[in-house]
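Have a look at the model first, and then we can walk through them together.

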Amino acid sequence: MGEAKRRKETGAPPLRKGKSNTPLYIGIGVLVVAAVVFGLVFLTAAPEPTSDELPVASANAEAFPAQLDQFGVSVGREDAPVVVREFADYQCPACGNFSSASKRLKQEYVDEGKVRFVYFDLPLQQHQNAIPAAQAARCAGDQGAYWTMHDRLYDSQTEWSGSNDPVATFTRYAGDLGLEERRFRLCMTTELHREAVEQSRRVAMQLRVASTPTVLVDNIRLTRPGWGQLSAVVERELATKAE
């Protein structure tokens, strides 16, 4: 029955179309996007070095035992006024997120002689490829490419983290970096640096470091590891030591 004929015979009013919810959905979408953007800005924005919100050393905190740095891998001047130490797992997603901050730290502070950076391996038991990855960086270091491999491992983390043959993947990376693949593969298959990785993990246990990434600026533990807080605390400590 046509709509006009139905109304004439039944006396019913014309059907009313329901209001579209499209504007409501658009509004909600805009609010969600705005909240996400605000959250990202909040998490990444660098606080002022003088901010009271920045972490400080705990009361009666002792200096970091510098003799333990030998069990990590360091870069930068030995007499740099500030030392940043990271305990991390190459397969840890949060460590992957922090890697851009450590890379920037090397470029802006380590290369300028202001900071020395020490990386400690802390492979977690739930990550099957964390130890091979730590060994891969150290095997590359035998050919003068530790930090290059370090960055490559984090940049490609999602590619190798679930691999059933990480040695093959890491050997391919070594070739991409211009390293001698045969020497690299031999280093990996003989687990030449396994004990060094385990020793680094024992240092973390000794210091009661259990989560990754744990980042220390001298003896100050970051509460929100990322470039914002890292750079602000580094700047504050540099200013304090320059006084």
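## The disulfide

The S-S bond of C139 and C187 has a torsion of about -80°, so this disulfide is left-handed. The sulfur atoms of C139 and C187 lie 2.0 Å apart, where a disulfide is a pair of cysteine sulfur atoms within 2.5 Å. By this rule the count comes to 1 disulfide. Because C139 sits in helix α4 and C187 in helix α8 (residues 181–189), the pair ties together parts 48 residues apart in sequence. Helices here are DSSP runs of H or I with at least four residues, numbered from the N terminus.

This is a predicted model, in which local features need pLDDT of at least 70 and side-chain atom pairs count only at pLDDT 80 or more, while totals for chains, interfaces and linings use all residues. Residues are numbered from 1 along each chain as its sequence is written, and side-chain values use heavy atoms, with hydrogens and water left out.

## Buried cysteines

Both C139 and C187 are buried, meaning under 20% relative accessible area (1.4 Å probe, protein chains only). C92 is buried too, with a relative accessible area of 4%, and C95 is buried at 0%.

## Helix α4 against helix α5

The axes of α4 (residues 130–141) and α5 (residues 146–155) come within 7 Å and cross at roughly 150°. That makes α4 roughly antiparallel to α5, a term for angles over 145 degrees on a scale from 0 to 180 degrees between N-to-C directions. On the α4 side, the contact (heavy atoms within 4.5 Å) is made by A133, A136, A137, R138, A140 and G141, and on the α5 side by Y146, M149 and L153.

Note on methods. Helix = DSSP H or I, 4+ residues; strand = E, 2+ residues; numbered from the N terminus. Parallel < 35°, antiparallel > 145°, perpendicular 65-115°, else oblique. Buried < 20%, exposed > 50% of the residue type's maximum accessible area, 1.4 Å probe, protein only.
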